[in-house]
Amino acid sequence: MKIFYQTRATAMGGRSGHAQLDDGSLSFDLAMPGTGKAGVNPEQLFAIGYAACFDNALALTAQKMKLPVSSSQTSAAVGLGQNTAGGYSLDIDLYIEVRGISEGEAQALVEATHQICPYSNAVRGNIEVRLHINQA
């Protein structure tokens with residue numbers, strides 16, 4: 001695979017510690033969900049990354065499909081739960097709003113985007129991702 005971009009992050013102290021990009025451009029205190037402690041958790045960071053990546057992939061896919069999307073918005077809901085083997089797994093719902101095209105076009109666009117988005121490809125076959133389309 002040809003690598004177009006690579007970044008590196010380091011976490012210290014797990015979910016109650018600190019994480020930062022190695023280039024110093026972004027840094028977070030981490031906190032366990034439900035503790036009330038200030039900070040973010042990995043699921044929140046994953047949700048931000050997936051939403052941004054999918055929305056960008058949607059714009060690129062719309063261009064390739066020659067669809068006149070006037071705007072889009074993607075929200076990712078990422079849940080953490082225990083799987084049947086006793087480990088932990090993620091659960092994902094993507095909420096995609098597409099404007100400027102028909103319902104059928106929006107459905108085809110979202111499905112095509114789900115095939116090219118790097119996050120979708122990374123989790124496919126391992127994490128269930130439900131797509132919810134709001135064609136405004």
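Reader: What makes S4 and S5 a pair of strands, joined by 12 bridges?

Author: In this predicted model S4 and S5 run antiparallel and are joined by 12 bridges, and two strands pair if DSSP finds at least two bridges between them, so the pair meets the rule. Ser 71, for example, stands opposite Arg 99 in S5. The strands themselves are DSSP runs of E with at least two residues, while helices are runs of H or I with at least four residues, both numbered from the N terminus.

Residues are numbered from 1 along each chain as its sequence is written.

Reader: What lies in the turn between S4 and S5?

Author: The two strands form a hairpin with 5 residues between them, and Gly 86 in the turn has a positive phi of about 95°. Gly 87 is also found in the loop between S4 and S5, and, leaving aside its neighbours within four places in sequence, Gly 87 is in contact with Gly 81 and Gln 82 (contact means heavy atoms within 4.5 Å).

Reader: Why is Gly 87 called partly exposed?

Author: Buried means under 20% relative accessible area, exposed over 50%, and partly exposed in between, with a 1.4 Å probe and protein chains only. Gly 87 has a relative accessible area of 26%, and therefore counts as partly exposed.

Reader: What makes Lys 66 count as exposed?

Author: Lys 66 has 73% relative accessibility, which is over 50%, and so Lys 66 counts as exposed. Lys 66 is found in the loop between helix H1 (42-64) and strand S4 (71-82), and its phi is near 55°, a positive value in a residue other than glycine.

Reader: How do you know that S1 and S2 pair in the antiparallel sense?

Author: Strand S1 (residues 9-12) and strand S2 (residues 18-21) pair over 4 bridges in the antiparallel sense, and one of the residues concerned is Thr 10, whose bridge partner in S2 is Gln 20. The hairpin of S1 and S2 has 5 residues between the strands, and there Gly 13 takes a positive phi near 85°.

Reader: Why are Cys 53 and Cys 117 called buried?

Author: Cys 53 has 18% relative accessibility, and therefore counts as buried, while Cys 117, at 0% relative accessibility, counts as buried too.

Reader: How many of the elements in the protein chain are helices, and how many are strands?

Author: The protein chain has 3 helices and 6 strands, and from the N terminus on the elements run β-β-β-α-β-β-α-α-β. Buried residues make up 27% of the 136 residues in the protein chain, and residues 24 or more positions apart account for 50% of the contacts with a separation of 6 or more. The C-alpha atoms fill a box of roughly 45 × 35 × 30 Å, taken along the principal axes.

Conventions:
This is a predicted model: local features need pLDDT of at least 70, side-chain atom pairs count only at pLDDT 80 or more; totals for chains, interfaces and linings use all residues. Side-chain values use heavy atoms; hydrogens and water are left out.
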